[in-house]
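Let's take a friendly walk through one model, with its helices, its strands and its ligand in turn.

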Amino acid sequence: MSLPLGGAPSTHVLKPNVERFEGVVFNEAFCMRLAAAAGLPAAAVESREVGGISYLLVERYDRHHRPVPDGAPVVERLHQEDFCQALGIVSEQKYQKEGGPSLRQCFALLRDVSSVPAIDVARLLDDVVFNYVVGNNDAHGKNFSLVYRPGGAGEIEVRLSPLYDVVSTIYYSELRRDMAMRIGEQYSSEKVTRRDFEKLADDAKLGKALVRARLTEATERVVAALANVPATSPVAEKVADLIRHRAEMALEEFRRR
Ligand SMILES: Nc1ncnc2c1ncn2[C@@H]1O[C@H](COP(=O)(O)OP(=O)(O)O)[C@@H](O)[C@H]1O
Ligand SMILES: [Mg+2]
């Protein structure tokens with residue numbers, strides 16, 4: 001790790017702990033590792049400490065490490081744009097209730113601009129389910145991005161970014177109880193039903209049967225991943241219990257007919 005000098009592109013993002021949210025670094029580290037263990041593309045994270053302050057070290061996904069013969073790879077910036085920017089929505093309105101993007105708009109955006117819409121639409125669905133299961137109510141339009149990567153023949157490849165900024169926000173009772181974007185008709189992640197997920201299928205323009213199968217599968221993968229990601233702090237342990245409980249409730253709801 002080193003600090004970037006003279007405009008050299010940094011390779012990591014540092015997120016220091018926020019005092020009023022107990023162990024948020026460990027919460028985020030746990031959620032991000034869980035996402036990766038569940039098979040979702042997610043930014044690589046590590047929790048660290050310096051001078052008694054913990055922080056999260058997040059590997060940047062908007063970088064290209066260009067190989068150089070006989071030398072260290074050169075780090076190059078990739079353009080990225082969050083969903084609010086891509087949809088022309090100002091950041092003050094990142095929450096759907098305040099004029100921010102809806103899931104319907106997010107799915108439509110990916111269908112429009114992604115170079116591989118079939119894969120990215122399915123990935124966004126997995127991301128939505130993951131955020132729901134871990135209780136991340138803060139998955140707003142600036143917490144999803146597009147990454148632009150130069151391809152062959154002067155083409156630019158546009159893809160959904162890996163997951164980032166995933167925190168089990170429901171762990172903190174003072175944080176907003178509503179999800180940043182509603183699922184179906186429901187803003188409360190405690191009250192989402194199978195019908196709301198059917199509506200989500202409509203919003204994503206995907207078949208209901210396909211969505212139901214994918215929801216169950218994605219949630220089962222989270223449950224399996226819980227057994228493989230060590231909770232290395234008291235907060236992570238509590239977050240893990242919370243997620244396990246939510247995943248069981250979600251599976252019950254998805255399996256109802
Ligand atoms: N791993 C990453 N690689 C590249 N850019 C990132 C990464 N993580 C976050 N960002 C960018 O930095 C912004 C702020 O990071 P985020 O994790 O969302 O922090 P905050 O909790 O302050 O919202 C994001 O909206 C995104 O544009
Ligand atoms: Mg953010």
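Predicted model: local features only at pLDDT ≥ 70, side-chain atom pairs only at ≥ 80, totals over all residues.

Residues are numbered from 1 along each chain as its sequence is written, and chains are lettered from A and ligands numbered from 1 in the order in which they are written.

Helices α3 (residues 103-113) and α5 (residues 194-204) pack with their axes 8 Å apart, at an angle of about 35 degrees. Axes here are lines fitted to C-alpha atoms, for helices over the stretch in contact, and angles run from 0 to 180 degrees between N-to-C directions. Helices (H or I, at least four residues) and strands (E, at least two) are DSSP runs, numbered from the N terminus. L103, R104 and F107 of α3 meet L200, D203 and A204 of α5, where contact means C-beta atoms, placed from the backbone, within 7 Å.

An open sheet has three strands in the order β6-β7-β8, with antiparallel pairing; strands pair if DSSP finds at least two bridges between them. Because β6 and β8 each have a single partner strand, one side of each lacks a neighbour in the sheet.

| Strand | Residues |
|---|---|
| β6 | 79-82 |
| β7 | 145-150 |
| β8 | 156-160 |

Five bridges join β7 and β8, and L146 has L160 of β8 as its bridge partner.

Finally, 13 residues surround ligand 1, the closest being A43, R60, Y61, Y164 and D165; the criterion is a C-beta atom, placed from the backbone, within 6 Å.

Methods:
Contact = placed C-beta atoms within 7 Å.
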